[in-house]
Amino acid sequence: MKSLRAILAVASMVAAFQLPSQAASPSDIGQWTQPFNLPLIGMHSSLLPTGKVLLYSAEHGVPGVQAYVLDPVTLALTEIPPPGDWIPACSGHSFLADGRLLVTGGQIGTEDPPLGTTECNIFNPFTLQWTRIEDTRRGRWYASNITLGDGRIVTFSGLDEYSDFNPDIELWDPKGSSNWQLLGEKILEYYPHLNLLPNGLIFRSGPDGRTETYNVSNDTWTVVAYRNVAGRFDAPFVMLPPNQNRFLCMGGNDKSNQPNGTAEMIDLSSPNPQWTYVNPMHFVRMDFNAVILPNAKVFVIGGRTNYLPEAVYALTPEMFDSQTLTWSNMAPHQIPRWYHSSALLLPDGRVMVSGGDDQTTGEIYSPPYLFQGTRPAIQSAPNIVQYGQKFSLSFTSTTPTNRVALIRNSCVTHSVNMEQRYVLLADLTNGSGTFTVSGPATGNIAPPGYYMLYVINQNGVPSVSAMVHVLPESLKILEARKTGSGIQFFWSLNFADATVQTTASLLPQTTWVSQPGTPAIQGGRYTLTVPVTSNPTFFRLASQ
Ligand SMILES: [Cu+2]
């Protein structure tokens with residue numbers, strides 16, 4: 001505690017130094033809420049399909065293991081204890097197509113050097129339950145997950161149960177019966193920086209300087225280019241919107257624990273892709289986060305500007321303009337957000353940051369666009385968006401041209417956001433109205449799962465988003481079986497949030513009643529048995 005007080009004293013000096021020299025308005029630099037208390041440090045943050053945030057952690061400020069679901073609007077908390085003695089801190093995670101979060105590994109005890117567990121669990125955001133799945137072959141502490149275009153998940157790297165690097169590349173198939181399937185072996189640094197490319201290859205852009213693609217179908221790695229800065233450990237990476245072939249890396253350290261502030265970009269669609277420097281950040285940073293905003297800018301938040309002999313914190317976030325490639329300082333936050341902090345975009349366009357070792361608080365940031373006039377408002381959007389299929393979207397906007405974009409729900413830890421992805425759908429003219437928009441062409445452009453659908457006006461002001469479910473197929477009952485007590489329905493694995501509804505007659509139209517019960521998974525499909533109380537009764541599936 002003594003050293004922590006010293007650190008906080010330094011931090012407050014830094015805060016004073018970093019304040020903008022002249023009073024800037026929220027429409028230029030945004031605005032923070034007051035910090036609010038949390039019962040844990042926000043080491044792992046995942047935006048759920050319900051718009052709530054799953055937070056979990058262990059030690060580093062609060063003894064033991066903690067997991068909570070936070071409503072980012074009311075700040076209400078629901079405790080969701082992880083099962084058994086599983087410690088999910090320092091795990092890997094990514095979303096399944098049905099909105100459940102698959103978590104690989106974590107920690108065994110509090111050993112140093114750390115030991116990785118083989119245990120894996122799935123969190124269901126609709127029932128708020130953890131379910132254990134197959135263990136990985138070896139332990140994974142600091143592993144990265146990635147969701148493929150067909151909804152399968154691959155996990156890479158981490159330390160195993162003996163504290164050795166785990167070379168296994170393993171695949172989990174929600175329809176499979178032989179999980180985890182070993183795809184290949186390669187020693188990779190902790191928390192590899194992975195993005196799915198539109199061509200289906202995985203691009204690994206760090207944290208070390210050899211950047212390369214991985215082909216899941218034939219276990220082939222191909223070097224793309226070497227970065228100018230070899231080591232960008234403890235730093236985020238971004239697939240730079242709106243083009244899914246441009247990548248941005250910034251800050252980090254080369255394992256010397258001295259951070260840098262440089263930034264580099266690569267365009268994989270060029271004939272000979274090379275990393276080139278762009279303008280550096282105004283602050284050197286390590287242990288920070290990068291959040292893609294609906295206006296296609298990148299918000300960089302937190303980190304340390306110095307490590308030894310005394311940690312110094314960056315309290316001034318920066319905004320990267322993906323068009324002009326320039327950085328601007330934004331409003332400072334109050335609490336140091338460093339190692340074990342996390343930040344993610346909320347459905348209303350704000351950004352939540354929480355954690356950092358010993359920091360049991362969160363703060364929510366309203367970017368400048370929330371002070372720049374009337375926001376577009378979505379009047380109707382579909383629940384389900386299918387690949388290559390047109391859908392109808394109604395909204396109001398005060399500007400003639402408007403953009404429609406999807407941003408995939410984030411899950412982030414240790415500076416690494418394993419899901420963050422911006423999908424441009426349309427640039428529309430004619431202001432307000434009802435428009436026909438096409439869904440993403442393929443799963444490699446938008447892996448199946450939940451996304452925030454935003455309408456962004458020509459000044460970069462976004463609507464509140466609509467949560468949409470991007471899928472290859474629509475919601476339908478696949479099979480119904482008569483049982484002793486009623487009818488057992490089966491539907492596609494993609495719909496964890498579906499419920500069976502009944503009605504007594506279709507004409508005249510009567511109320512649909514949701515049937516009680518939690519769907520079970522059986523043979524790779526969801527199922528629920530509904531008692532038949534009247535005859536005739538009509539059935540349908542409904543999703544949130
Ligand atoms: Cu850690």
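A residue is buried if 20 or more other C-beta atoms, placed from the backbone, lie within 10 Å of its own, exposed if 12 or fewer do, and partly exposed in between. By that count, 50% of the 544 residues of the protein chain are buried. This is a predicted model, in which local features need pLDDT of at least 70, side-chain atom pairs count only at pLDDT 80 or more, and totals for chains, interfaces and linings use all residues. Residues are numbered from 1 along each chain as its sequence is written.

**Overall form**
- The protein chain has two helices and 48 strands, where helices (H or I, at least four residues) and strands (E, at least two) are DSSP runs numbered from the N terminus.
- Along the principal axes, the C-alpha atoms of the protein chain fill a box of roughly 75 × 60 × 50 Å.

**Domains**
- The domain assignment, automatic or from a database, gives domain 1 (2-371), domain 2 (377-471) and domain 3 (477-542).
- The C-alpha centres of domain 1 and domain 3 are 39 Å apart.
- Contact (C-beta atoms, placed from the backbone, within 7 Å) links 10 residues of domain 1 with seven residues of domain 3.

- An open antiparallel sheet of four strands runs in the order β7-β8-β9-β10; strands pair if DSSP finds at least two bridges between them.
- β7 (92-95) and β10 (129-133) are the edges, each with a single partner strand, so one side of each has no neighbour in the sheet.
- Four antiparallel bridges join β7 to β8 (residues 101-104), and H93 has V103 in β8 as its bridge partner.

Methods:
Contact = placed C-beta atoms within 7 Å.
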